[in-house]
Amino acid sequence: MPMVNLKKIKKNLRTKDAFRSRILDVVRGIPKGAVLTYKEVARLAGNEKAARAVGAVLRRNYNSEIPCHRVIKTDGTFGGYNRGIENKAAILKKEGYRATVNSL
DNA sequence: ATGCTGACGCTGG
DNA sequence: CCCAGCGCCAGCA
C-alpha cells in the first residue's frame with residue numbers, strides 16, 4: 001500500500017487535470033433552476049480566460065452526475081450539448097432557470 | 001513538439 | 001442585428 005505522493009498531488013493542482021476536475025466540481029455544484037456561463041465556470045475554476053476550454057471539457061464529459069446542461073453562453077444563448085441541444089433547452093425550461101449565478 | 005479544432009468571449013464594422 | 005476577426009485554452013491527431 002503506497003503512501004500518497006504529496007508532490008504529485010501538489011503538482012496536479014496546477015495541471016490541466018486539476019483544471020478539468022475543478023470545472024466538473026463547479027458544474028456539479030450548480031443548483032437546479034440556475035445556470036452559469038462558460039466564462040463564470042472558467043473563473044470559478046481558476047482561469048477566466050479559459051471559457052472555451054470549459055466547453056471542450058464539458059463536451060467530452062459523459063458523467064450524468066454533472067449537470068452540464070446548466071452551463072450556457074454569456075450572450076444568453078444555449079451553446080451546445082452532448083445529448084442533443086434540444087434536450088438541453090427542454091430541461092432548462094423544465095427547471096425554470098432565471099438568471100446566471102454570478103455570485104458564486 | 002506542432003498544428004488544428006471547437007459546447008467561448010469581446011470588439012468592431 | 002448579423003458577421004468577421006482575434007485572443008484564449010485544452011484536447012487530440
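Modeller: Around DNA strand B stand Tyr38, Lys39, Ala51, Arg52, Gly55, Leu58, Arg59, Cys68, Lys73, Thr74, Gly80 and Asn82. Of the atoms of DNA strand B within 4 Å of the protein, 41% belong to sugar and phosphate. This is a predicted model, where local features need pLDDT of at least 70, side-chain atom pairs count only at pLDDT 80 or more, and totals for chains, interfaces and linings use all residues; side-chain values use heavy atoms, without hydrogens or water. Residues are numbered from 1 along each chain as its sequence is written, while chains are lettered from A and ligands numbered from 1 in the order in which they are written.

Biologist: Why does a residue count as near a strand?

Modeller: Because one of its heavy atoms lies within 4 Å of that strand. For DNA strand B, Tyr38 and Thr74 are among the residues listed.

Biologist: What makes a pair of atoms a polar contact?

Modeller: Two N or O atoms must lie within 3.5 Å. Within protein, one must be able to donate a hydrogen and the other to accept it, and residues adjacent in sequence count only if both atoms are side-chain atoms. Now the values for DNA strand B. A side-chain N or O atom of Arg52 is 2.6 Å from a base nitrogen. For Lys39, a polar side-chain atom is 2.9 Å from a phosphate oxygen. For Lys73, the distance to a phosphate oxygen is 3.5 Å. These pairs meet the limit, so they are polar contacts.

Biologist: Which element gives the most to the surface near DNA strand B?

Modeller: α4, with five residues. At least two residues each come from α3 (38-44) and α4. Helices are DSSP runs of H or I with at least four residues; strands are runs of E with at least two, numbered from the N terminus.

Biologist: What makes up the surface near DNA strand B by class?

Modeller: Four nonpolar, four polar and four charged residues. Ala, Val, Leu, Ile, Met, Phe, Trp, Tyr, Cys and Pro count as nonpolar; Asp, Glu, Lys and Arg as charged; the others, Gly among them, as polar.

Biologist: Which residues are around DNA strand C?

Modeller: Lys16, Phe19, Arg20, Lys49, Ala50, Arg52, Ala53 and Arg60. By class, three are nonpolar, none polar and five charged. Of the atoms of DNA strand C within 4 Å of the protein, 67% are sugar or phosphate, and the rest belong to bases.

Biologist: What makes a space a pocket, and what a cavity?

Modeller: Both are found on a 1 Å grid over the protein atoms alone. In a cavity, a 1.4 Å probe fits but cannot get out. A pocket is an open set with protein on both sides within 12 Å along at least five of seven lines. Lining residues have an atom within 4 Å of a point.

Biologist: Which residues line the largest pocket?

Modeller: Tyr38, Gly55, Leu58, Arg59, Cys68, Gly80, Tyr81 and Asn82. α4 supplies the largest share, three residues. The lining has four nonpolar, three polar and one charged residue.

Biologist: Which residues line the largest cavity?

Modeller: Asn61, Tyr62, Asn63, Ser64, Cys68, Asn82 and Arg83. Two are nonpolar, four polar and one charged.

Biologist: Why is Glu95 called buried?

Modeller: Its relative accessible area is 16%. Buried means under 20%, exposed over 50% and partly exposed in between, with a 1.4 Å probe and protein chains only. So Glu95 is buried. Glu95 lies in helix α5 (residues 85-95). Beyond four places in sequence, Glu95 touches Lys32, Gly33, His69 and Arg70 (contact: heavy atoms within 4.5 Å).

Biologist: Why is Ile66 called buried?

Modeller: Because its relative accessible area is 5%. Ile66 sits in the loop between α4 and β2 (71-72). Not counting residues up to four places away in sequence, Ile66 touches Leu24, Val27, Arg28 and Asn61.

Biologist: How many of the residues of chain A count as buried?

Modeller: Of 104 residues, 33%. Chain A has five helices and two strands, in the order α-α-β-α-α-β-α.
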